[in-house]
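Please read this briefing alongside the sequence and the model.

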Amino acid sequence: MRAPPQGAAGVCFGDAMRLAVETASGLVRSQLRRLKSSSGNSILNLLLVGLNHRTAGLETRELASFDESGLPEALRRLAGRPGVEEVIIFSTCNRVELLARVEKKPEGLETLESFLSETSSLTGEHLSRKLYRYHDDQAIRHVFRVASSLDSMILGEPQILGQLKSFYSIAVEAGTTGTYLNGLLQAAFHAAKRVRSETSIGDYSVSVSSAAVDLARKILGELQKAAILIVGAGKMGELAVRHLAGAGAKLIRVANRSPAAAHDLAQKFRGEAVPFDNLMKWISLSDVVLTSTGSPEILIARPMAEEVMMQRKNEPIVFIDISVPRNVDPRVGTIDNVFYYNVDDLGAVVDANLQERRKEAVLAEKIVEQEVESFCARLRSLDRSPVVAQLQRRIEEICQAELERYLKRSGPRSEKELQELEWMVSRIAGKIAHPLITQMKSLSHDSLHDEAYLDTIKRIFKLQKNSET
Amino acid sequence: MAWVLQITMALYTVGLLHSLFGFYQKRKLFINLALILVVAGFASHTAFLILLGIERRHVPITNLPESLCFFAWSLTLTFIVAYFRYKINVLGAFVLPLVSSLMILSELAWEENHAIPPILKSNWVYFHGSVAFLAYAAFFLTFISGVLYLIQEKELKSKKFRFFYFRLPSLQVCDELLRRSLFAGFVLMSITIITGAFWAQQAWGHFWSWDPKQTTSLITWAIYLILVLYRLSSSWRGRRAAYISIVGFVSALFTFSMSWFRSLHAYL
């Protein structure tokens with residue numbers, strides 16, 4: 001560096017500028033060289049390792065699964081391993097997953113895999129083939145999708161969210177979660193809630209017995225006031241009635257050849273057992289008639305249904321025949337206000353419902369994507385504000401140091417000159433740093449670029465983790 | 001004052017788009033937004049009609065554009081009432097297109113400085129006309145619920161569970177809306193015919209002169225009477241009632257159009 005000329009404060013302008021520029025550019029050049037050789041280490045260091053119904057058979061899943069009572073112990077053991085900072089374990093019948101925040105990813109991955117291999121008594125190689133491994137953004141997305149039931153065996157089934165919540169609280173109680181995983185799980189629950197409320201992914205039932213409820217509702221509206229008659233006391237019939245009762249049906253009658261079985265079933269639903277021989281009377285008093293007997297013959301023929309409709313003054317009636325062989329003549333469905341469905345028809349409802357769920361899943365994926373992005377942005381802004389502060393501090397330090405060096409060489413200055421010099425140096429340094437800082441503050445969407453950018457800034461200005469604390 | 005009308009039309013149009021999208025995508029959020037927009041549109045629509053009435057010193061139902069505008073208002077009113085009563089999400093997608101079309105037609109046919117013939121400056125006319133449009137609006141709702149019923153019934157009976165099965169309300173709701181709007185429309189139409197007769201006595205000198213408008217409205221009224229009676233006896237419900245509601249509405253349209261034929265009732 002050239003020796004700065006002596007003189008009035010006005011002359012100092014050129015020197016101060018050169019000083020600031022050279023300091024900044026020298027820093028950038030030397031750090032860029034170093035950057036090229038080192039590998040990127042992201043801010044998050046999130047890992048998810050696991051297997052599910054798609055990657056592993058039931059036997060493997062059974063072996064890998066964690067016993068709920070042993071879970072706190074397992075969590076603490078895993079959290080105690082070197083390099084593991086936070087951890088949660090999910091273990092349902094369809095998936096076993098370890099979600100962790102680690103110090104370094106390659107080592108962390110090894111730790112998680114070997115832990116899974118130890119606890120499952122599966123050999124590393126056998127296990128390794130069934131595992132999926134997600135990093136950072138991918139891991140976040142995966143957890144969000146699982147919570148929203150987009151990764152479930154039955155798409156959109158509602159239980160998974162509750163299961164995740166309980167595994168999360170086990171980890172919280174075991175003390176193995178921290179700021180990052182807490183935030184991640186809360187955000188995942190939020191995403192799942194949005195998916196539930198903004199899509200109708202869970203609105204369509206996907207079991208045969210609940211499809212009967214769907215149909216009855218589409219015809220009769222709400223079922224609170226509907227009268228239900230079950231003919232036969234079979235297991236399938238009971239399941240369907242359970243769903244009808246769950247949908248609010250209160251008036252439930254059971255007709256069966258054996259009065260004792262009718263009585264037993266009726267009691268389960270606070271219903272009423274009615275005599276089997278006066279079937280027609282009870283049918284005409286019912287809005288939904290569910291047949292599930294072992295009888296090989298038709299119990300409800302078309303003329304009988306016509307008679308029933310006369311007595312009902314054309315009030316609509318729904319026949320659901322889940323018995324095989326059938327108990328209701330399919331031709332009753334051609335009568336006005338009579339709706340007839342058999343097992344195959346219920347199956348068709350289930351198929352249609354599943355298809356609707358798949359359509360809704362497309363929208364749900366978009367919601368998840370939005371939530372992943374907004375969560376990542378939040379994480380980064382958390383991570384970023386210290387970087388901005390550090391950068392400002394660092395620039396100030398450089399300015400002060402260089403100013404002192406300059407003053408030492410050029411001799412003492414008057415108070416006024418000193419102030420002007422200081423002002424000028426800090427102004428110039430500030431102007432150079434300004435675009436960097438505004439850029440950092442505006443980062444929020446493009447995750448990969450953002451991280452790389454922040455990382456670069458950190459490296460160039462030697463802002464390392466030590467100064468974060 | 002024109003800007004009030006423009007705001008109304010903008011709100012209705014955006015509301016219509018939201019309800020169509022909400023219907024297609026089954027998005028409750030858009031249905032709710034549509035409802036907010038339509039209620040706001042209805043408020044400004046009401047304000048517009050009041051301002052217009054004050055400016056022109058008569059109830060704005062005395063020429064075609066005024067009547068279209070008033071009919072659109074009646075339809076929106078019945079839509080809002082029906083929506084809050086039955087929470088039929090898809091109703092907007094079926095009713096609002098007509099509302100928007102009527103508003104556009106009204107705007108296209110708009111006449112400034114409209115002077116009305118002295119014969120129409122009568123409280124009988126105002127009452128008779130307003131009630132008539134409310135009756136038409138109610139019957140339109142009957143018609144729409146009949147159509148919805150038939151579509152949903154077809155899905156349920158054919159056992160092919162497709163687009164409409166997932167979107168349309170239950171048969172029970174369709175049937176209930178059909179019944180309620182039918183009864184309301186029938187009462188309103190009866191009032192319309194009676195007040196019309198009194199006005200005819202004043203204006204033409206006879207209560208009833210078998211004018212084409214009077215004749216067709218009597219036929220329409222008779223069709224709805226039959227439907228009401230069978231409905232009350234409960235033997236016609238569901239599909240049959242839905243068919244008759246469609247026939248009745250076609251007849252009502254015919255009645256409405258009678259004003260353009262050689263009729264004493266040539267105002268509308």
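The points below are grouped by topic.

This is a predicted model, in which local features need pLDDT of at least 70, side-chain atom pairs count only at pLDDT 80 or more, and totals for chains, interfaces and linings use all residues. Residues are numbered from 1 along each chain as its sequence is written, while chains are lettered from A and ligands numbered from 1 in the order in which they are written.

**Domains of chain A**

- Chain A is assigned domain 1 (46-198) and domain 2 (208-336); such bounds come from an automatic or database domain assignment.
- Taken over C-alpha atoms, the centres of domain 1 of chain A and domain 2 of chain A are 45 Å apart.

**Domains of chain B**

- In chain B the assignment gives domain 1 (1-116) and domain 2 (137-268).
- The centres of domain 1 of chain B and domain 2 of chain B, taken over C-alpha atoms, are separated by 21 Å.
- Domain 1 of chain B brings 16 residues to the contact and domain 2 of chain B brings 14 residues, where two residues are in contact if their C-beta atoms, placed from the backbone, lie within 7 Å.
- On the side of domain 1 of chain B that touches domain 2 of chain B, α3 (64-86) and α4 (91-108) of chain B are the elements that give two or more residues; helices (H or I, at least four residues) and strands (E, at least two) are DSSP runs, numbered from the N terminus.
- α3(B) gives the most to that side of domain 1 of chain B, with nine residues.

**Contact between the chains**

- Chain B has 17 residues in contact with 19 residues of chain A.
- On the side of chain B that touches chain A, two or more residues each come from α5 (123-158), α7 (171-203) and α9 (239-257) of chain B.
- The largest share of that side of chain B, three residues, is from α7(B).

**Nonpolar cores**

- A nonpolar core is a set of buried Ala, Val, Leu, Ile, Met, Phe, Trp, Tyr and Cys residues joined through C-beta atoms within 7 Å.
- A residue is buried if 20 or more other C-beta atoms, placed from the backbone, lie within 10 Å of its own.
- The largest nonpolar core has 122 residues, and A:A216, A:I228, A:L290, A:V318 and A:F319 have the most contacts inside it.
- α5(B) gives the most to this core, with 16 residues.
- Leaving aside neighbours within four places in sequence, the contacts of A:L290 include A:I228, A:V231, A:A240 and A:I322.
- A second, separate core has 57 residues, among them A:L44, A:V87, A:I160 and A:V372.

Definitions and conventions
Buried ≥ 20, exposed ≤ 12 C-beta atoms within 10 Å, placed from the backbone.
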